[in-house]
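Here's a quick tour of one model, with a few spots worth a look. Have the sequence and the coordinates open as you read.

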Amino acid sequence: MSTLPVYRWQLAPDGYATRRQLRARDLRPGGQDVAAQLERPRRRGRPPLVAYLYRVDLALPVRPMTPGRWRAHAAMMRARRTCPECHRDAGYVIPTSLGSCVTCAYPEEQRAA
């Protein structure tokens, strides 16, 4: 098992990119393994921040969104906006910390207003 090359933050050579940087270029890793990693040191004995790098020359173009994928995405977002208690579309993504829309999570504050 070989170890990955490790570069300091902002000192990686050309030809490597993170997933976000690939996506900004309309590319994806395309099944390739991680080629290297960046490490950004932190203070007070905390472990460094790590970012994985992929080779740009092996990256593939992003697959286009098909009508079926758009429908699936819309259904997923609709499910995230639907309150499990009142079954209404809240108009926003319901926070997982609440588990329901704000109206259902804090009914006493809604009545007072």
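## Two loop residues with positive phi

Arg44 sits in the loop between S4 and S5; helices (H or I, at least four residues) and strands (E, at least two) are DSSP runs, numbered from the N terminus. Arg44 is no glycine, yet its phi is positive, about 60°. With 84% relative accessibility, Arg44 counts as exposed; the scale runs from buried (under 20% relative accessible area) through partly exposed to exposed (over 50%), with a 1.4 Å probe and protein chains only.

Which other loop, the one between helix H2 (67-81) and helix H3 (102-105), holds His87? That is where His87 is placed, and its phi is again positive, near 60°, in a residue other than glycine. His87 is exposed, at 61% relative accessible area.

This is a predicted model, so local features need pLDDT of at least 70 and side-chain atom pairs count only at pLDDT 80 or more, while totals for chains, interfaces and linings use all residues. Residues are numbered from 1 along each chain as its sequence is written, and side-chain values use heavy atoms, with hydrogens and water left out.

## How the strands pair

Strand S4 (residues 36-40) pairs with strand S1 (residues 6-8) in the parallel sense, over 3 bridges. Pairing here means that DSSP finds at least two bridges between two strands. In this pair, Val6 stands opposite Gln37 in S4.

S4 also pairs with strand S5 (residues 49-55), in the antiparallel sense and over 5 bridges. Here Ala36 faces Leu53 in S5 as its opposite number.

## A nonpolar patch

Leu4, Val50 and Tyr52 make up a nonpolar surface patch, with about 250 Å² of accessible area together. Areas come from the Shrake-Rupley method with a 1.4 Å probe, and for residues only the protein chains shown count as cover. Patch members have over 30% relative accessible area and no salt bridge; like charges are joined within 9 Å and nonpolar side chains (Val, Leu, Ile, Met, Phe, Trp, Tyr) within 5 Å. A salt bridge is a side-chain nitrogen of Lys or Arg within 4 Å of a carboxyl oxygen of Asp or Glu.

Leu4 belongs to the segment before S1 and is partly exposed, at 33% relative accessibility.

How many disulfides does a search of the whole structure find? It finds 0, a disulfide being a pair of cysteine sulfur atoms within 2.5 Å. Cys86 is in none, and the nearest cysteine sulfur, in Cys83, is 3.6 Å away. Cys86 is partly exposed, at 24% relative accessible area.

For Cys104, the closest cysteine sulfur is that of Cys101, at 3.5 Å, which is too far for a bond.
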